[in-house]
Amino acid sequence: MRQMKLGLFLAPGGHHMAAWRHPEAYPDGVSVKTYLRFAEIAERGCFDLLFVADVFSFSPRAKRVDAFRLEPLTLLSALAMTTSKIGLVATATTSFNEPYNVARKFASLDHISGGRAGWNIVTSSANEAPNFGIDELSEHAERYRRADEFTQVVRGLWDCFEDDAVIIDKKSGAFFEPSRLRVLNHEGKYFKVRGPLSLPRSPQGNPVLVQAGSSEDGKNLASKYAEVIFTIQRDLESARAFTRDIKERVISFGRNPAHALVMPGVLPIVGRTRQEAQDKYELLQSFIHTEAGLLQLSRSMGVDLTGADVDKPLPDMDIAKLPQSRSVSIYQQSKRENMTVRETYEKLVVSKGHRQLIGTPGDIADSLQEWFENDGADGFNIMPPFTPGGLTDFVDHVVPELQRRKLFRTHYEGSMLRDHLGLPRPAARAG
Ligand SMILES: Cc1cc2nc3c(=O)[nH]c(=O)nc-3n(C[C@H](O)[C@H](O)[C@H](O)COP(=O)(O)O)c2cc1C
């Protein structure tokens with residue numbers, strides 16, 4: 001029977017915009033002990049994976065604890081030592097890296113963790129470029145063309161050695177079988193990489209590929225390569241349309257749609273009663289700092305609203321000129337429901353645009369089940385509103401409810417991320 005996949009989207013403090021100010025939240029985003037604790041709880045809940053996002057800039061105006069971040073691969077190497085089953089997924093950008101470095105890091109993590117690594121491919125944004133000597137980041141389509149070639153090179157490097165290439169026979173002195181090595185010799189528009197990688201093929205063959213772009217180019221990159229697709233979906237109808245669109249594109253690239261798992265983000269606020277859940281939500285809302293709200297709204301809209309009057313409606317905008325599809329939906333909903341600027345950020349961006357579920361374990365399981373059984377999702381990227389409390393609430397109360405309904409595993413059957421996700425181990429690609 002098909003079962004849902006669950007990921008933990010790691011965020012120090014939590015995913016609600018003001019989570020770190022919650023009295024029970026661990027606000028220290030750079031303490032490894034904090035992350036060890038979260039990983040342990042998620043593994044107790046049999047989660048498929050945990051995910052560490054990454055960006056390469058810091059805004060001096062930031063009012064969120066997750067503005068500070070540990071380098072993800074370094075962090076995941078530490079978590080690999082204290083966990084044994086859960087998948088370990090991190091973001092690495094194709095805009096400010098070389099494929100050789102990325103291939104090597106994720107192959108190393110796959111070896112270190114015994115086959116639990118996953119790479120979230122992103123193309124990054126302009127405000128990160130000045131940290132890499134780049135005055136102007138190339139335009140969107142160009143970034144995705146580079147990302148496509150980058151991904152091919154990374155996979156090529158992972159496949160240089162066949163699975164049975166390594167011999168290491170002390171007696172005969174045979175180290176590896178040369179006929180099982182294919183030097184890459186890649187020469188493309190963006191990269192010239194000889195290879196091979198200085199590592200044998202990793203336990204999963206290839207670490208799992210993850211993608212989260214929602215533009216046309218983003219969806220095409222996801223459909224061509226990704227085995228897990230993260231996305232922001234707020235209602236079932238849009239989630240179904242998105243999932244259908246992705247699966248059709250996956251098929252058009254000659255891939256199996258069951259091997260491209262769509263996992264929208266969900267911010268669950270769990271209470272023993274609906275009233276308790278609502279109280280938890282309102283407590284979190286009370287911590288929102290006006291400046292932080294305006295900053296998050298500006299980020300989500302791609303428009304500078306930091307000077308806006310919070311008690312007035314959003315200024316009128318030309319929707320044709322809004323930068324992202326997400327900006328249009330926030331703008332339209334805010335206008336339709338006559339919201340003030342404050343109401344807009346309080347209602348629409350506190351969870352970075354992701355769906356919020358507020359209710360009892362049964363309510364939350366009902367909603368996840370509805371999406372899962374109606375082609376809206378293959379699983380969910382769980383975004384605890386504050387941590388660790390919001391995570392333990394989910395693991396101790398919602399996970400058992402999903403297990404009772406046979407919608408989620410009660411124990412791990414395999415030990416690699418590909419086993420949990422039901423993904424095949426790719427054979428090394430020849431030439
Ligand atoms: C759950 C989720 C996680 C993401 N994580 C990152 C990240 O760690 N770093 C990053 O630069 N972008 C991240 N993104 C942004 C996307 O990868 C992508 O850049 C963004 O959606 C814009 O892509 P588009 O231009 O194709 O729509 C994430 C998006 C989602 C939905």
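Predicted model: local features only at pLDDT ≥ 70, side-chain atom pairs only at ≥ 80, totals over all residues.
**Helix packing, cavities and loop geometry**

Reader: How many charged residues are in the contact of α11 with α12?
Author: From α11 come Pro361, Gly362, Ile364, Ala365 and Leu368, which meet Phe394, His397, Val398, Glu401 and Leu402 in α12. By class, this contact has 7 nonpolar and 2 polar residues, and the number of charged ones is 1.

Reader: How are α4 and α5 oriented to each other, roughly parallel or roughly antiparallel?
Author: Helix α4 spans residues 140–158 and helix α5 spans residues 216–225, with their axes 10 Å apart. The packing angle is about 10°. Angles under 35 degrees count as roughly parallel, over 145 as roughly antiparallel. The orientation of α4 and α5 is therefore roughly parallel.

Reader: How do the residues of the contact of α4 with α5 divide by class?
Author: The α4 side includes Asp148 and Arg155, and the α5 side includes Asp217 and Lys224. By class, the contact of α4 with α5 divides into 5 nonpolar, 4 polar and 4 charged.

Reader: How much space lies in the largest cavity?
Author: The structure holds 3 cavities of 30 Å³ or more. The space in the largest cavity is about 40 Å³.

Reader: How many charged residues are in the lining of the largest cavity?
Author: The lining consists of Met17, Lys63, Arg64, Ala292, Leu295, Gln296 and Arg299. By class there are 3 nonpolar residues and 1 polar residue, and the number of charged residues is 3.

Reader: Which helix gives the most to the lining of the second largest pocket?
Author: This pocket holds about 320 Å³ of space. Of its 17 lining residues, the closest to the centre are Arg2, Lys247, Pro257, Ala258 and Asp378. The lining divides into 6 nonpolar, 4 polar and 7 charged residues. With 4 residues (from the stretch 236–252), the helix that gives the most is α6.

Reader: Where is the place of Pro196?
Author: The peptide bond from Gly195 to Pro196 is cis, with omega near -5°. Pro196 sits in the loop between β8 (192–193) and β9 (208–211).

Reader: What is omega for the peptide bond that joins Thr387 and Pro388?
Author: Pro388 lies in the loop between β13 (379–382) and α12. The bond joining Thr387 and Pro388 is cis, and its omega is about 5°.

Reader: What is phi of Ser124?
Author: Ser124 is placed in the loop between β4 (117–122) and α4. Its phi is positive, in a residue other than glycine, with a value near 65°.

Notes
Residues numbered from 1 in each chain as written. Heavy atoms only, no water. Contact = heavy atoms within 4.5 Å. Helix = DSSP H or I, 4+ residues; strand = E, 2+ residues; numbered from the N terminus. Nonpolar A, V, L, I, M, F, W, Y, C, P; charged D, E, K, R; others polar. 1 Å grid on protein atoms, 1.4 Å probe; cavity = no way out; pocket = protein on both sides within 12 Å on 5 of 7 lines; lining within 4 Å. Points joined across faces, edges and corners; volume = space filled by probe spheres on them. Axes fitted to C-alpha atoms, helices over the stretch in contact; angles between N-to-C directions. Parallel < 35°, antiparallel > 145°, perpendicular 65-115°, else oblique.
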